[in-house]
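Thanks for making the time this morning. I have one structure to go through, and I will take it piece by piece.

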Amino acid sequence: MLAFAEWLQSTRFSITVQSVEWVIPLLQSVHILMIGVVFVSTLVVALRVLGRMRTDETLALVWGRFGPWIWTALVVMAVTGLLLVIGEPVRQVTALSFWLKMLLIVVAVVGTAWYSRSFKIAAAAGPASAVPGGAKAAAVASIALWLAIIFLGRAIAYDSQVWGSLSLDS
């Protein structure tokens, strides 16, 4: 993987991303903004599932309002993240934080897809205010997952300091 990252870092596109002063900061800004959109939208849905917010609205209505924001922000986040990796591939692939973040993002996206499916099934099958089984535990888990993802995103820059001897670049 390191050999691929070193090759990628020497490509014309990667060099362009690295050398144009404003590209990396712009990508990072958009990426971080999208993380915020995903987190806040997920938080609102989770708080509705837990009965702490927007309880006057059906779960299907809340998901219908915030679900598209989550999915759109995830797509933009994936594109900007990929471009950031292309811009700094060696730094990314040698960071244990990066790989943990990718694993947690996969879990979070699968959980979000489960949310979406279960909310649609619950809305079609029962009373409008019903919460699907397991949704409360999933709501708490999704918030914990996104907080961990946010932490790991920040830890990538300081990977060897965060993980010490467990860091992949040691």
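**Salt bridges, helices and cores**

Let me start with a single side chain: Arg65 has a relative accessibility of 35%, so it counts as partly exposed. Before going on, please keep in mind that this is a predicted model.

What does Arg65 pair with? Arg65 makes a salt bridge with Glu57, and the closest N and O atoms are 2.9 Å apart. Glu57 also has a salt bridge to Arg54, where the closest N and O atoms are 3.2 Å apart. That puts Arg54, Glu57 and Arg65 together in a network of salt bridges.

Is Glu57 buried or exposed? Glu57 has a relative accessibility of 16%, and the cut-off for buried is under 20%, so Glu57 counts as buried. Arg54 is partly exposed, at 28% relative accessible area. As a general point, side chains of opposite charge can pair when their charged atoms come close.

How many salt bridges does the whole structure hold? The search finds three.

Now the overall layout. The chain has eight helices and zero strands. Reading from the N terminus, then, the order of elements is α-α-α-α-α-α-α-α. The chain has 170 residues, and 39% of them count as buried. If we take contacts between residues at least 6 apart in sequence, 73% join residues at least 24 apart.

Next, the interior. In soluble globular proteins, nonpolar side chains tend to be buried together. Here the largest nonpolar core has 26 residues. Which members touch the most other members? They are Val45, Val49, Met77, Tyr115, Phe119 and Trp146. As for where the core comes from, at least two residues each are supplied by α3 (23–49), α4 (59–87), α6 (96–125) and α7 (135–155).

Leaving out residues up to four places away in sequence, Trp146 touches Val38, Phe39, Thr42, Leu74, Met77 and Ala108.

There is also a second, separate core, this one of five residues, including Val17, Val23, Ile24 and Leu84. Leu84 comes up again with Pro25: the two are 59 residues apart along the chain, and their C-alpha atoms are separated by 9.6 Å. Pro25 sits in helix α3 and is partly exposed, with a relative accessible area of 41%.

Last topic, the aromatic rings and the surface. A pair of aromatic rings is described by the distance of the centres and the angle of the planes. How many aromatic pairs does the structure hold? It holds two. In one of them, Phe4 and Trp7, the ring centres are 5.6 Å apart and the planes are at 35°, so this pair is tilted. Phe4 and Trp7 both belong to helix α1, three residues apart, which is about one turn of the helix. That helix covers residues 2–9. Phe4 is partly exposed, with a relative accessible area of 48%.

The other pair is Phe98 with Trp99. Their ring centres are 5.1 Å apart and the planes are at 80°; the cut-off for edge-to-face is over 60 degrees, so this pair is edge-to-face. The two residues fall into separate accessibility classes: Phe98 is buried, with a relative accessible area of 8%, whereas Trp99 is partly exposed, at 33%.

Where do these aromatics meet the surface? Phe4, Trp7 and Trp99 form a nonpolar patch on the surface together with Met1. The accessible area of that patch is about 490 Å² in total.

To recap: eight helices and zero strands, a largest nonpolar core of 26 residues, three salt bridges and two aromatic pairs. That is what I have, and I am happy to go back to any of it.

Definitions and conventions
Residues numbered from 1 in each chain as written. Predicted model: local features only at pLDDT ≥ 70, side-chain atom pairs only at ≥ 80, totals over all residues. Heavy atoms only, no water. Core = buried A, V, L, I, M, F, W, Y, C linked by side-chain atoms within 4.5 Å. Buried < 20%, exposed > 50% of the residue type's maximum accessible area, 1.4 Å probe, protein only. Helix = DSSP H or I, 4+ residues; strand = E, 2+ residues; numbered from the N terminus. Contact = heavy atoms within 4.5 Å. Patch = residues over 30% accessible without salt bridge, like charges linked within 9 Å, V, L, I, M, F, W, Y side chains within 5 Å. Areas by Shrake-Rupley, 256 points an atom, 1.4 Å probe, with all protein chains shown as cover. Salt bridge = Lys/Arg side-chain N within 4 Å of Asp/Glu carboxyl O. Phe/Tyr/Trp six-rings, centres within 6.5 Å; stacked < 30°, edge-to-face > 60°.
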